[in-house]
Amino acid sequence: MSGPTAQDVVDATTAIRAEHDRVVHGVEPAAWARAGVLVTGASAVFTVGTGRSGLALQMAAMRFMHLGLDAHVVGETTTPAIGPGDVLVAASGSGSTARVIRAAQTARDEGADVVAITTAAESPLAETATETLVVPAADKQDFDGTTSVQYAGSLFEQSVLVLTDALFHALWQTGGTQARELWRTHANLE
């Protein structure tokens, strides 16, 4: 098997950028704004996802912490119990990932809000959520390539990162905090 040519890489980059543009123009900004209100109004923010969606939400948790929010990643040993006044940000492309649904249901049972990020507006995760953010991307079982030319759930996972970073950016800009103030919360034990 030979490696890609320079043109192959350019073509792949162009295709991925086009898909991102489609996703960004296909999300409902008002839903993301409502999610931002839930996140900033929460006593603590928790994130949960599996695989690459979970990794993207770990980055989101870090950005929420930079905003001064009490942020946690489900499954880490220092994650406290969730309760009333908290919010869980949960990502599952299909909206049917068992671990994510269990966490969302537990959060709701404990009185917390749930922000679901999914491709499936009619899914168990969306049904559990306080606010559902529908990402017009393929989930990992979209094998025919009609929604995305990328493998598995790549577009969804990338979108979780880009859209939660956009949410962070909007919250930061409207909050009025200077970048130097955010830097004080940046990890210093690296």
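Which strands does helix α6 lie across, and at about what angle does α6 run to β4?

1. **What you are looking at.** This is a predicted model, in which local features need pLDDT of at least 70 and side-chain atom pairs count only at pLDDT 80 or more, while totals for chains, interfaces and linings use all residues. Residues are numbered from 1 along each chain as its sequence is written, and side-chain values use heavy atoms, leaving out hydrogens and water.

2. **The sheet.** Look for five parallel strands that make an open sheet, ordered β2-β1-β3-β4-β5. Helices (H or I, at least four residues) and strands (E, at least two) are DSSP runs, numbered from the N terminus, and two strands pair if DSSP finds at least two bridges between them. β2 (71-73) and β5 are at the edges with a single partner strand each, so one side of each has no neighbour in the sheet. From one strand to the next, the twist averages 20 degrees.

3. **One pairing up close.** Strand β4 (residues 113-118) runs parallel to β5, and four bridges join them. Thr118, for instance, has Val134 in β5 as its bridge partner.

4. **Helices across the sheet.** Back to the opening question: α6 lies across β3 and β4, and runs at about 130 degrees to β4. Helix α3 lies across β1 (45-48), β2, β3 (87-91) and β4, at about 160 degrees to β2. Contact here means heavy atoms within 4.5 Å; axes are lines fitted to C-alpha atoms, for helices over the stretch in contact, and angles run from 0 to 180 degrees between N-to-C directions.

5. In one of them, Arg52 meets Glu157 at 2.6 Å, N to O. Arg52 sits in α3 (residues 51-66) and Glu157 in α6 (residues 154-175), so this pair ties together parts 105 residues apart in sequence.

6. Shared partners join Glu28, Arg34 and Glu131 into one salt-bridge network. Arg34 meets Glu131 at 2.9 Å, N to O; with Arg34 in helix α2 (residues 29-41) and Glu131 in strand β5 (residues 131-134), the pair ties together parts 97 residues apart in sequence. Glu28 also bridges to Arg34, with the closest N and O atoms 3.5 Å apart. Glu131 is buried, at 11% relative accessible area, whereas Arg34 is partly exposed at 38% (buried means under 20%, exposed over 50%, partly exposed in between, with a 1.4 Å probe and protein chains only).

Methods:
A salt bridge is a side-chain nitrogen of Lys or Arg within 4 Å of a carboxyl oxygen of Asp or Glu.
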